[in-house]
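Subject: Structure for you to look at

Hello,

Here is the structure I promised to pass on. Please open it and keep it beside you while you read my notes.

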Amino acid sequence: MTQPPGPQGQPYPPGPPPYAPIPPKRSKGPLLIVGGLVLFLIVLIVTGLVLFVNRGEDKPVSHESTPPARTKPSDPKAVEFRRVLSSKPGHCATPSPTGTACDDQGNVYTLGKVELDGSNVSEVKAGFDPAQGTSWYVNLTLDPEGTKLFGGLTASIAKQEPPANLLAIVVHGEVAAAPAVQSAITGGEVQISGGYTRDTAEALAKKITG
């Protein structure tokens, strides 16, 4: 094949036909820099959002609610259920003679042995009976062993004449309550009632639970 004449009519030198001129390579430096900046900005924005969210999530939560009231005796052995053998107003000696205890009204009780204690009580709470107007009470829930012991104890006390029909609930050596027993209580739910207000019922429940 005959080569076409070169520039100004001069023939190309012998050899393979020359290739078309190759344009100079453009530097990719500026492109890489721009791409890097864009990527950096994206990462920066995303990171900022995550830090913002995390900062909100890591903020400590304030718990200002009061702790729940205790519902079981804190010192089970300090809560005793004992028969009342006799009761009379008088002066409470300190310490009380063996077998006696006083209430906060100054009444002196002669008591029988401990028949069950706070370890048999699983829940103590003050309650309100709307059917009786403003009548508040304190309810004790007994465990299975306490239910059995209390059933036998109350069945025996209910047959007695006053004051032997009273059951003393003694807390730390003081008679917290001495309600009259009207019948055997065999269901494990013991309700102490009789002229309590909300304050006095809650005070008795707190005294028993400690």
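A salt bridge here is a side-chain nitrogen of Lys or Arg within 4 Å of a carboxyl oxygen of Asp or Glu. Glu115 forms one with Arg83, and the closest N and O atoms are 2.9 Å apart. Glu115 sits in strand β3 and Arg83 in strand β1, 32 residues apart, so the pair links distant parts of the chain. (Strands are DSSP runs of E with at least two residues, helices are runs of H or I with at least four, and both are numbered from the N terminus.)

Before going on, note that this is a predicted model: local features need pLDDT of at least 70, side-chain atom pairs count only at pLDDT 80 or more, and totals for chains, interfaces and linings use all residues. Residues are numbered from 1 along each chain as its sequence is written, and side-chain values use heavy atoms, with hydrogens and water left out.

**Salt bridges**

Side chains of opposite charge can pair when their charged atoms come close. How many salt bridges does a search of the whole structure find? It finds 5. Another of them joins the side chains of Lys77 and Asp117, at 3.1 Å from N to O. Lys77 is in the loop between α1 (29–57) and β1, while Asp117 is in strand β3, 40 residues apart.

Are these two residues buried or exposed? The terms come first: buried means under 20% relative accessible area, exposed over 50%, and partly exposed in between (1.4 Å probe, protein chains only). Lys77 has 59% relative accessibility, so Lys77 counts as exposed. Asp117 has a relative accessible area of 11%, so Asp117 is buried.

Glu174 is in strand β7 and Lys207 in helix α3, 33 residues apart. Glu174 is partly exposed at 32%. Lys207 is partly exposed at 33%.

**Helix α2**

Helix α2 covers residues 144–157, which makes 14 residues. From its first C-alpha to its last, α2 reaches 20 Å. That is close to the expected 20 Å, where the expected span is 1.5 Å times one less than the number of residues. Which residues of α2 are buried? They are Gly146, Thr147, Phe150, Gly151, Leu153, Thr154 and Ile157. An α-helix has 3.6 residues a turn, so residues three or four places apart point the same way. The cover over the buried residues of α2 includes β1 (79–89), β3 (107–117), β5 (135–142), β6 (167–171) and β8 (189–196).

Asn120 is in the loop between β3 and β4 (121–129). Its relative accessibility is 5%, so Asn120 counts as buried. Contact means heavy atoms within 4.5 Å. Leaving aside neighbours within four places in sequence, Asn120 is in contact with Thr141, Leu142, Asp143, Glu145, Gly146 and Leu149.

**Aromatic pairs**

Rings of Phe, Tyr and Trp (its six-membered ring) pair if their centres lie within 6.5 Å; planes under 30 degrees apart count as stacked, over 60 as edge-to-face and the rest as tilted. The whole structure has 2 such pairs. The rings of Phe81 and Phe150 have centres 6.0 Å apart and planes at 85°, so this pair is edge-to-face. Phe81 is in strand β1 and Phe150 in helix α2, 69 residues apart. Both are buried. Phe128 and Trp136 form a tilted pair, with 5.3 Å between centres and 45° between planes. Phe128 is partly exposed at 37%, whereas Trp136 is buried at 17%.

**Nonpolar cores**

A nonpolar core is a set of buried Ala, Val, Leu, Ile, Met, Phe, Trp, Tyr and Cys residues joined through side-chain atoms within 4.5 Å. The largest has 25 residues, and Phe81, Val138, Leu140, Leu204 and Ile208 touch the most other members. Another core, of 8 residues, lies apart from it, with Val84, Ala101, Leu111 and Leu166 among its members.

**Backbone**

Two peptide bonds to look up are Thr94 to Pro95, which is cis with omega near -5°, and Pro162 to Pro163, which is cis with omega near 0°.

Best wishes
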